[in-house]
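Please look through the following structure with me before reading the numbered points below. They are meant for someone who has not seen it before.

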Amino acid sequence: MLHIFCPHCFELRSEEEFHASGQAHIPRPLDPNACTDEEWGDYMFFRDNPRGLHHELWDHVAGCRQYFNVTRDTVTYEILESYKIGEKPQFTDKAGTAKTATTALGEKV
């Protein structure tokens, strides 16, 4: 079972309190009516499924009911950080390396 740090409640809680809502950082088209069927289909249905670091959107359904992002390693299931929507992740999924970063509990990585 995962233990997830909620950046709104500032608490480490059991995975049972949360709901995964898919890939994070997916921009909604500014004008959906101007999208082709292919562009809209890509936005609605196609998501990355990487092996390694992945940014995910989570909801604290049994707590504050706020959405936030999590950076998780899909191989080890380790959660490297959690951060509010609008904030930038400290870990990059492209290079797979971290800049001076801390975990959700403030521990150096």
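How many of the six residues of strand E6 (residues 79–84) are buried?

1. Five of the six residues in strand E6 are buried, so that this strand is mostly covered; buried means under 20% relative accessible area, exposed over 50%, and partly exposed in between, with a 1.4 Å probe and protein chains only. Strands (E, at least two residues) and helices (H or I, at least four) are DSSP runs numbered from the N terminus.

2. Before going further, note that this is a predicted model, in which local features need pLDDT of at least 70 and side-chain atom pairs count only at pLDDT 80 or more, whereas totals for chains, interfaces and linings use all residues. Residues are numbered from 1 along each chain as its sequence is written, and side-chain values use heavy atoms, with hydrogens and water left out.

3. As to confidence, pLDDT (the predictor's confidence in each residue, from 0 to 100) averages 87 over the chain, and 84% of the residues score at least 70. Over residues 95–109, however, pLDDT stays under 50. Where pLDDT is low, the predicted coordinates should not be read in detail.

4. Four strands, in the order E3-E4-E5-E6, form an open sheet with antiparallel pairing, where two strands pair if DSSP finds at least two bridges between them. Because E3 and E6 stand at the edges with a single partner strand each, one side of each is left without a neighbour in the sheet.

5. Within this sheet, E3 and strand E4 (residues 53–59) are joined over three bridges, and alanine 20 has tryptophan 58 in E4 as its bridge partner. E5 and E6 pair over five bridges, with valine 70 partnered by serine 82 of E6.

6. The largest nonpolar core has eight residues, among them Phe18, Trp58, Val70 and Ile79; such a core is a set of buried Ala, Val, Leu, Ile, Met, Phe, Trp, Tyr and Cys residues joined through side-chain atoms within 4.5 Å. Strand E1 (3–6) and strand E5 (67–73) each supply at least two residues of it.

7. Leaving aside neighbours within four places in sequence, phenylalanine 18 is in contact (heavy atoms within 4.5 Å) with residues including Ile4, Cys6, Trp58 and Phe68.

8. Why does glutamate 17 count as buried? Glutamate 17 lies in the loop between strand E2 (11–14) and strand E3 (19–23), and it counts as buried because its relative accessibility is 15%. Beyond four places in sequence, glutamate 17 is in contact with Asp59, His60, Val61 and Ala62.
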